[in-house]
Structure formats: C-alpha cells, structure tokens
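Subject: Structure handover and notes

Hello,

I am passing this structure on to you.

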Amino acid sequence: MSIRLAILKNASEKVERFNRIGVHYEAVYHHVIRRRLAISEIYNNEYIDCLVAGLISFDMQRMMGKKKYLAGGDESWAVRLKNKLDAHRSELDLLFTNRIQDIDLEKEGLRTTIASIFDDLSKPGLDGLSKRNVKESFPVGASKILHFLIPDLFVIVDSNARRELALYHDFPKSKMDGHLYHQAMKTYQLELFAWKDRYSDNEFDRLIETDGVWRLYCGERSTPIPRIIDKCTFVGREYY
C-alpha cells in the first residue's frame with residue numbers, strides 16, 4: 001500500500017513557518033527532549049515531572065487539575081499518570097528504541113499493544129487523566145504523553161493532525177481510540193515512505209535537516225521525525 005506525499009509536501013517551508021510562531025512550544029519541548037536523552041530507562045519520577053511540564057506547554061494544563069507535579073508524591077496528576085504508565089511499563093520498554101520510519105506496524109500483536117496503551121491513557125473515569133470531568137476522555141493528551149515517552153516513534157494526533165489526515169487521506173472522523181491512533185501512525189509512516197521515494201532520502205537526512213531549530217536550544221540531538229510531522233500538520237494547507 002502506498003499514499004501520495006501531502007502532509008510532508010513543502011515540509012521545509014511549513015517547519016520554518018512553525019518555528020517563527022511556535023517559540024513558546026519549542027523552548028520547553030527541547031528541554032524535555034534533552035531530559036529524555038539523559039536517562040536510560042523509559043521513565044522515572046523526575047522524567048514524569050519533566051513530561052508534565054511538556055504537556056502544560058502543549059496546552060493540556062486545563063485538563064490536569066491544580067496539583068500537577070511530583071510523581072513521587074501523592075494525589076498529584078503526575079502520580080495518576082505514573083500509575084497508568086506502570087501498568088504498561090513492560091510493553092513500553094519493548095518499544096523504547098523503535099522509530100516510526102522503520103518499525104513494522106503490521107507486526108503481529110503490535111497494533112493491539114499500541115491500541116491498549118493509548119486506550120488506557122485516554123479513557124475517562126475516576127482514574128482517568130482528565131481531572132476536569134470524569135466523563136471526559138483524554139485522547140490528545142494520550143498521544144502527547146506517548147510522544148514525550150518515545151519521541152522517535154509516537155506521533156501527536158490533535159485537531160490539526162486530524163484535519164490534515166482527513167483532508168488528504170480520508171482519515172475517519174469518528175471518536176479517537178487506540179485503533180485509530182495506530183491507523184494514524186501507519187498513515188504517517190506511509191507518507192514518510194512517499195517522501196523517501198520522492199527524494200531518494202533513505203535515511204531521512206533531508207527531512208531531518210528541514211528543522212535545525214534544535215541547535216538554538218542547546219540541543220544534543222536533532223528534532224524527532226514525529227515532531228517534524230506535527231509541525232507540518234500545525235501549519236497545514238492554508239499557507240501553501
């Protein structure tokens with residue numbers, strides 16, 4: 001199966017546009033990414049608190065309640081998140097070193113694993129991650145949590161992403177769940193393959209070089225490819 005290059009079309013211009021208007025996102029994002037690089041395990045209490053800072057910067061604070069930090073404490077949102085992650089730690093550990101550009105998303109059991117983790121992070125309820133309303137689900141936040149945990153693999157799926165996916169790839173407009181999240185990952189992966197074929201960019205060096213802003217933030221690594229995709233969906237077709 002193949003799809004046309006669309007969301008990543010004009011990627012360099014889209015990323016440049018985002019970097020002019022998204023400075024407040026970038027400063028915190030690259031701090032979180034530096035911390036991600038600094039620890040060898042999938043997460044610890046310190047990194048969960050860092051991840052919480054990333055979620056606040058990425059517009060999720062209104063759903064997280066008043067006590068957000070201190071994963072090593074009690075009754076905070078960070079503790080609630082840690083409890084969710086602990087239930088899936090072994091599965092996340094197995095995915096830790098994977099990248100979206102080369103993982104086999106059709107591998108037996110992988111769709112179910114990704115869907116299960118996503119659904120647990122996003123589901124409503126008394127132990128849900130939306131503290132604004134126990135009946136409210138948390139799908140956008142779930143995708144951002146997964147991205148901050150494994151930034152080279154997991155994509156952010158928010159309203160911008162869904163708009164672009166529906167516009168170019170007939171992505172369903174139904175309620176977001178784990179299986180749709182996996183489908184979004186697969187669609188983005190196929191776009192990456194279309195990019196690779198168009199530009200003979202087998203290692204995606206050309207795509208990675210569209211975003212050099214990480215160097216301005218004392219970065220120790222290049223921008224993850226899922227983040228470049230996220231920037232392209234944020235800007236969208238309206239500019240090009």
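This is a predicted model: local features need pLDDT of at least 70, side-chain atom pairs count only at pLDDT 80 or more; totals for chains, interfaces and linings use all residues.

Residues are numbered from 1 along each chain as its sequence is written, and side-chain values use heavy atoms, with hydrogens and water left out.

Aromatic pairs

A search of the whole structure gives 10 aromatic pairs. Rings of Phe, Tyr and Trp (its six-membered ring) pair if their centres lie within 6.5 Å; planes under 30 degrees apart count as stacked, over 60 as edge-to-face and the rest as tilted. Phe18 and Tyr25 are a stacked pair, because their ring centres are 6.2 Å apart and their planes are at 25°. Phe18 is buried at 2% relative accessible area (buried means under 20% relative accessible area, exposed over 50%, partly exposed in between, with a 1.4 Å probe and protein chains only). Tyr25 also counts as buried, at 11%.

Tyr25 forms an edge-to-face pair with Phe58, at 5.4 Å centre to centre and 70° between the planes. This pair links distant parts of the chain: Tyr25 belongs to helix H2 (residues 23-38), and Phe58 to the loop between helix H3 (45-57) and helix H4 (77-86), 33 residues apart. Helices (H or I, at least four residues) and strands (E, at least two) are DSSP runs, numbered from the N terminus. Phe58 is buried, with a relative accessible area of 4%. Ring pairs join Phe18, Tyr25 and Phe58 with Tyr29, Phe148 and Phe234 in a cluster.

H2 and H11

The axes of H2 and helix H11 (residues 225-235) come within 14 Å and cross at roughly 165°. Axes are lines fitted to C-alpha atoms, for helices over the stretch in contact, and angles run from 0 to 180 degrees between N-to-C directions. The two helices are therefore roughly antiparallel (angles under 35 degrees count as roughly parallel, over 145 as roughly antiparallel, 65 to 115 as roughly perpendicular and the rest as oblique). On the H2 side, Tyr25, Glu26 and Tyr29 meet Arg227, Lys231 and Phe234 of H11; contact means heavy atoms within 4.5 Å.

Two further residues of H11

Thr233 lies in helix H11 and is buried, at 0% relative accessible area. Leaving aside neighbours within four places in sequence, Thr233 contacts Ile7, Asn160, Ala161, Arg163, Glu164 and Tyr188.

Ile228 is also found in H11, and its relative accessible area of 0% makes it buried. With the neighbours within four places in sequence left aside, Ile228 touches Val15, Leu207, Ile208, Thr210, Asp211 and Thr223. Ile228 and Ser12 are 216 residues apart in sequence and 9.5 Å apart in space, C-alpha to C-alpha.

H6 and H9

Helix H6 (residues 110-122) and helix H9 (residues 178-199) have axes that come within 7 Å and cross at roughly 120°. H6 and H9 are therefore oblique to each other. Arg111, Ile114, Ala115, Phe118 and Asp119 of H6 make the contact with Gly178, His179, Tyr181, His182 and Met185 of H9.

Regards
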